[in-house]
Amino acid sequence: MAESKHEEDEKANQAYAALGIGIICIIIGVPLWWKTTEVYRVQLPYNDISDLSQIPLVYLTDIEVISLDKKLDSNLVQISQQLQEDLSRKRGEEVTPIYRVTVRESVGDEQSIFNKYDNKDLSNIDKLLSELSPLQRNKYLIFLIPSNNGKLNVFIGKYYNSFVSSNGKLDKIIPLISKTVQMTIVKEQSVVKSIFNAKGARSLKPDKESMRSVRYNTGYDLTFTLTVPQPDIFDVSWNIREAVDTYLKPLVDHLKEFTQLKINSQIHYFTTLQRKPQKDEKLNEYYFLEQDLPHLINPIESTLGTSASNNPELNFIVYIPTRDQSPLYIKDKNGVKVPTNSFLSPRWGGVMIFNVPEFNESTPLPFPVKVEGKNIMEVFLTQIRLLLNLNSPTSSHEVWFDPVEVNGISNMEIDVWLRNRCFENLATSINTLQSLAQLLGQISNIVIKDDIGSQVEAAVREIKSSLKYLSTGNLVDAFHSSKRAIIASEKAFFDPSLLELLYFPEDQKFAIYIPLFLPISIPLITAMMHAIKWFKGTKKPKTD
Amino acid sequence: MISTLLGESVAILVDSHVEELLIKPLPSGHVYFHFQFTTKWDESLDQPDSFKHYGLFPKSLGDVLTTYKVQELHLSQTQGLWHHDKWGYPVTSAPPGAELWVWFQPTITNIDETWSELVNALSGHFCSSLNFLDSKSTVAPRWSFRPHGVASEGYSSFSRFIRYGALPREIVCTENLTPWKKLLPCNTKVGLGSLFKAIKLYDANYHSLGLHVRPVCRNSECKETSIELSQSLSVVFDPVTSNWSLKKIFGDFLSSRCPLTTSSKIFVDITSNLPDPIFTLSPEADSIKTVKRGDDTRQYAVYDIGLQTANGRVFNIASRYDKPLEYTDIVKPPVSAQRFITGYGLEKGGVTSLIYNNLDSNLTVIYMETLPWFTRFFYKSLTLSNQGTLVQPYKINYIPGKDRGRPYHLEIVFRLRANSVTKISYDFERAFLKWTEYPPDANHGFYIGSAILSTVLPTSVNYTTPPQYSTVLENSFKDDSESYFLRLHTETLLVSLPTPDFSMPYNVICLACTVVAIAFGSIHNLTTRRFTLLDPSKKKGILAKIKGLFKRS
């Protein structure tokens, strides 16, 4: 009996020891293993990120209507109400424009400017009016001036002034104003489109226009290349420095606050278009058809060289055709020569073919050729505007514009550009953050370092503040916030540290763990099972 | 009318390009070809705004120079070793592998960061592994690498603005030639560049690509500086039978001259034809030029590529030996060096350099050595001796290395006695690397870069380097200076470090785990098992035995 008691005690000891070791292993070992093999992941504001797309997109624009038409003075309140009503009609788009309309009579200064020019020569009036008060972005003045001939039309100045000639009929004037504001001044549709494009950038097929222009960046490198395949025949020179200063500097200066355009030029020799042009035997001319153009760029591009910066590069090439292939033209689909003799390659740049004037066989070689800055810059400026998405407006029969010089850019165009880029940046940034959050949620192996966490937080903060600025009409600050947001979010998304552990396969982990875990866990588990069985066994007789 | 036009074009000529080829039959039977392309542009690097509109100067390179505030840049990429004893001195000396040294502009703020950005940019630009020139292999030499171009006294007396790095392991091939020749204004379409066929070039005994950018005087007054880009390609061929021709060596004729050059010439060194002609050149040279430079007189056959290829003629220089070449004693160059590894085993080692002075006068030299951090240099073991007597160096600049931080850097200034051999030797210890620090094929060994010897020679025997004021070879023909700066690169060294078996980490993990498991298992058994006596006489069936294994009594 004593022996069996002793045996029982020993068995109990054995069971307690097995359970004790097992529990210690589980309590200390498992958390220790868990902690030491854990992937470092900073907590990201996942909720904020998913809420970002719920924040309504709203932008505020100030419209001030100033009446010079005495006949309308009694109707000012009515104009204000109706215009506000017209402009705040629901549009069913994901972005809502809000207009703050004020209507007032003209003040003395304005009156005297108009009187001075007798309501004509609106360009000069526009200029003088702009000097009255400091320019304020995102605020547009609309002057109602009595019409001379009873016709309704709109003249849009270079500054922030528009002029509507009124014929006194409110039911015609108000729709015209609201249409002008929506379609021409603010360009609501382009805002919707840029959001759509930015969102679709990673999933949908973008349309032609959005494929053409480059996406927003803090800087672009513009390189002008003069390509001379036969320097032994043509001694080509260009005064590119002067051409850039005259034609491009105004644009660069205007955009300086928002994006840096860095301009370079180079001359390349002995680079030829490898595709042979077709010959027009009758006229003794050579030409490329539209379908040939994609093949022209590649051989040239490989020689262009790289830039030391990370900015997107836009290339503009002036090509001097070889003597045996000149004159060389570009023909469109219908077989008509393109008047500018140039073409644009989306998101890449433009190419212009510059034909050398004919010269006598007996002229000593090399024949001096001077490429005039005006000829090439007029073409390239249009291409730069298209590539940067600075689309210039076109006049219609009701609305016409004070034409800006070839090198200029109007404030209103910059406003439209800022608004569109701001929304594009916001949409892209939100999209990027959400993709990142989704990716990090899906793959638990990714390390998230502190600086990625802070980038993501900064991006979220900037997006919010940008949206707030937009809803209060502060366009410039909104743009700068959106710029910082997109930089931060892209930086977080493309951070190489995210990839560090991504390719560490699960099965290799087991190959390392098994030699340790298997020999330890088998005796541990069997001993624990026996112990549990023993406990059950000892309990049973007691209850019996 | 024409004269005014010409006058105008001369006035606006701000950049010029010269291409040259120097051919030198070497006494060992090899033939040395040195292509020299020099572009000079009247713009100053101090004003980055002016570096925007490029003509003959390559934009992609100019962009790099202005972005990283470079004052001077010297890059060489070499395959093979230049044998000074047999071949004399090359036009530009280069170590095997890649070597880069850069002087930065004084306006630079963070030089180490800029250097690392620069090497990354250049690495992409020239398709080489220059991006591995990190702080572990970069030094700032004090005396060996002075600015080569125009520089103020105050600027050049500090080593603050210079960085030097070498990659002795770098292999140079076609992918390095392609970006290099893209920088030539005529590319490889016409002119001397059309001879660059990679398949022939890389079949040579020695091959070296050089790229040197420096500021030079714009005119004789030197109030303004211009920038000079010098690109050179040196190849040494063994023509097997001593007769050689352009066609035979490069696989092509010359058929045109680059129209953008102001001068494009070929010089063939025919000094060995004096006094008795041993080879004949065809076609006949446009002119024969006798050049007296210092105490050395050389004769060159000069060909003008423009004249030779006029009217669509093809041009092929051929040299024919009338009788088999007789090998005679080669005149040793004034100074040469030899370096090798000493010691045995994998723990310690040593390096010995023998520096020969074959002149009748004493010579002061600067010896520079850069050792990677894993060969730990012992400063105390450094000895300089000349025929048994110790040499007292004038100056020593020693920067000790740091593990995984910076290399060991040593510069010694000392005197070479006339007609003697000076021996420099020191010991080092081989460090253990972490297993991730080994390169692929670790058993191949680790390279130690060339040592560099700099001196000023009083004689121009064997000396072909153009004078300091211009890298155009033709200018070296009218050089009347009396001292000649020489830089010489020694052999690179290969050391083997203790190299582990690379499956080791996994083995260690497995072994350690097994040991832990065994220890755990026995302790676990001791604590949780009961030991009872069994009666061995009691026989059990097989089934019971197996059951017994699983079931505890």
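Helices here are DSSP runs of H or I with at least four residues, strands are runs of E with at least two, and both are numbered from the N terminus. On that count, chain A has 15 helices and 16 strands. Keep in mind that this is a predicted model, so local features need pLDDT of at least 70 and side-chain atom pairs count only at pLDDT 80 or more, while totals for chains, interfaces and linings use all residues. Residues are numbered from 1 along each chain as its sequence is written, and chains are lettered from A and ligands numbered from 1 in the order in which they are written.

**Overall build**

Let's start with the dimensions of chain A. Its C-alpha atoms fill a box of roughly 130 × 80 × 40 Å along the principal axes. The radius of gyration, taken over C-alpha atoms, is 36 Å, whereas a compact globule of 544 residues would come out near 24 Å (the globule rule being 2.2 Å times the number of residues to the power 0.38). A residue is called buried if 20 or more other C-beta atoms lie within 10 Å of its own, exposed if 12 or fewer, and partly exposed in between, with C-beta atoms placed from the backbone.

Among contacts in chain A with a separation of 6 or more, 77% link residues 24 or more positions apart.

For chain B, the domain assignment (automatic or from a database) gives domain 1 at 335-478 and domain 2 at 505-550. The C-alpha centres of these two domains of chain B are 64 Å apart.

**Where the chains meet**

The interface pairs 32 residues of chain A with 35 of chain B. On the chain A side, the elements giving two or more residues are α1 (2-36), α9 (240-255), β8 (260-269) and α15 (506-543). The largest share, nine residues, comes from α15(A). By class, this side has 19 nonpolar, 10 polar and three charged residues; Ala, Val, Leu, Ile, Met, Phe, Trp, Tyr, Cys and Pro count as nonpolar, Asp, Glu, Lys and Arg as charged, and the others, Gly among them, as polar.

Helix α1 of chain A also holds Gly20(A). Gly20(A) is partly exposed because 14 other C-beta atoms lie within 10 Å.

**A helix pair in chain A**

Helices α12 (residues 411-442) and α13 (residues 450-471) of chain A have axes that come within 11 Å and cross at roughly 145 degrees. Axes are lines fitted to C-alpha atoms over the stretch in contact, with angles from 0 to 180 degrees between N-to-C directions. Residues of α12(A) in this contact include Leu426(A) and Ile430(A), and those of α13(A) include Val460(A) and Ile463(A). The contact has 10 nonpolar residues, two polar and no charged.

Most residues other than glycine have a negative phi, and most peptide bonds are trans. Here are some exceptions.

| Site | Feature | Value |
|---|---|---|
| Ser326(A)–Pro327(A) | cis peptide bond | omega near 0 degrees |
| Ser282(B)–Pro283(B) | cis peptide bond | omega about -5 degrees |
| Asn389(A) | positive phi | near 70 degrees |
| Asn187(B) | positive phi | about 50 degrees |

Pro327(A) sits in the loop between β11 (313-319) and β12 (328-331) of chain A. Is Asn389(A) buried or exposed? Asn389(A) counts as buried because it has 20 C-beta neighbours inside 10 Å. Asn187(B) has 19 inside 10 Å, so it counts as partly exposed.

Technical notes
Two residues are in contact if their C-beta atoms, placed from the backbone, lie within 7 Å.
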